[in-house]
Amino acid sequence: MRIPLPIQPLRLLRHDLHNLRARYVSDWTLFNQLVVASAVYVFFTNLLPGITFASDLYVLTGKSWGTVEVVFSTGLCGVVFSLFSIQPLTILGVTGPFSVLAENIYSLCSNSFNIPFLPFMAWSLIHAGWMHYILAIFNAHDWTMRYVTKFSTEVFSLLNSIIYFHKAVQELQRAHDALSFAAFLYAVIGAIGTMLVAIFLSTAESWKPLFHRYVRMGLAEYAAAISIIIFIGMPHVGELASLDKQTLQVSSHAFGPSSPDRSVFFVQFWHLPVSWIFAAIIPGGIITILFFFDHEVSSIICTIDRYGTRKPGGFAWDIVLLGTTTALCGILGIPPANGLLPQAPLHSESLLQGEKEEVTIIVSGEEKIDVRETKRVYEQRWSAFLHAGAILIFVSPPLQYVLGLTPTSVLAGLFMFMGEQSLAVNPILYRFFYLLTPPSELPDLPESIKGYLGIHIYTITQVVVTTVVFIVTLTKGAPIFPVIIIALVPIRLLLMKKLWHRETLRFVDSWACRDGTPEDEEDRLAVTETPLQNGANHLKKANPEKV
């Protein structure tokens, strides 16, 4: 594949800033009850999983990072991006892969290097910050993500769905180890109940003629929040109150760092030998790769065609913002936040609304106006700002106490609901169902595709690749999984086109962040190169000794 544009420093940044000015005012003029419902939904799906990662970080980083740090980072970075980013649909939070990486870095610092963790991590994040700037300045999106196809993003989305189901199982395993058998059985019921009630309520708009349409709309939009509140309160009612419970671990002391060894959110990062400052470039590079891919993919997936986004967007400016917040988090001594999956596409799903669109069609040579029902998201900043602001408020001890009332079984149910919601819109799932469908019942294919065999093999390949990457995330090599996802890009463009029929690939795959397919682009290049090749052959015949 060819890079169509030369490396022109700052080109994408200038373009993004122009788009930001064009859309900024309109991003604040739209506000309605669906936006509020979306903010409530994303609040729960971002905050509660983050606290789970905080529990692990508190133990595995020697109390350097805990609930306060994770909540502070999620809220702070979320507010910054809601105010200044080019793509406000993207949701930020502390991710599982970074948590694994941080735990490994702490282990090396304490057991092998004998250096303080927080100053070394601060320098790692500062290095990651300027590396983000370099990527943005030199238009990294054009020569990296420009060539990402839906083959890779669908695998990445499926991976995140599986990870959330796995997280649910882990929470129930912990409950099994910590609770009595009766309490564990209720934890399983609570987890499954949280998921099923949320799924059931999310379909409320199809219950017509039951209830008034505004009631149905409210139930559907607040489905997850209603389910969570029900199953948080249920263990405190009647005989269930006597059962032992496992709840989220939160901080109960005054607002301040989790570590007893420091009193303020500031790291004296300069108190580190120069050699280790330079050594921190290595984890800084790994963090940059992880964050760049995570954030770009989450930005792409939350703005795919399904969501009908129309406002001008961009990527380079958000990478600059991400570098800034990453370095800032390092200096403050809190874990950095970056683009989340599946929260970002779930944010877009929660903002989908139907609208009627007039389309001009030609019938028997005459132009007619056809009214079609379409869906598109409310593109605005309020839902991101409100949910991030609410999370930031929850660093206060009284609200931390409220969070501490949440049973981990409810969190397991929320994980399953998030996994189901993400999986339900993944094309891999529907193509997998084709494997189980009798050939006579399969939809008709374009004439250029001879059968479903190539499509089935393509789907099986995606499932196998996802399984392999998931297994990697369970090992100490988990931090390198983004490298594997990135490696899928050249594999798709260079290897798979030799194994699959071109029309099959054109049918099942396309560019992730621009129109068309790799096969379309190859066709255009072939058309433009043919006249040049013919001219060269003509010159060769006319002047064989000179050509």
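A: In this predicted model, a polar atom of the D318 side chain lies 3.4 Å from the backbone nitrogen of Q87, inside the 3.5 Å limit for a polar contact (a pair of N or O atoms, one able to donate a hydrogen and the other to accept it; residues adjacent in sequence count only if both atoms are side-chain atoms). Residues are numbered from 1 along each chain, and side-chain values use heavy atoms, without hydrogens or water. Local features need pLDDT of at least 70, side-chain atom pairs need 80 or more, and totals for chains, interfaces and linings use all residues.

D318 sits in helix α13, residues 316-332; helices are DSSP runs of H or I, at least four residues, numbered from the N terminus. D318 is buried, meaning under 20% relative accessible area with a 1.4 Å probe, protein chains only. Even so, D318 has no salt bridge, a term for a Lys or Arg side-chain nitrogen within 4 Å of an Asp or Glu carboxyl oxygen. The nearest side chain of opposite charge is R381, 7.2 Å away. Beyond four places in sequence, D318 is in contact (heavy atoms within 4.5 Å) with Q87 and with F81, S85, I86 and H295.

For reference, I287 belongs to helix α12, residues 281-301. I287 counts as buried because its relative accessible area is 0%. Its contacts, leaving out residues up to four places away, are F98, L101, M121, S124, L125 and A128. I287 and I480 are 193 residues apart in sequence, with their C-alpha atoms 9.9 Å apart in space.

Note on methods
Helix = DSSP H or I, 4+ residues; strand = E, 2+ residues; numbered from the N terminus. Buried < 20%, exposed > 50% of the residue type's maximum accessible area, 1.4 Å probe, protein only. Lys, Arg positive; Asp, Glu negative; His and termini not counted.
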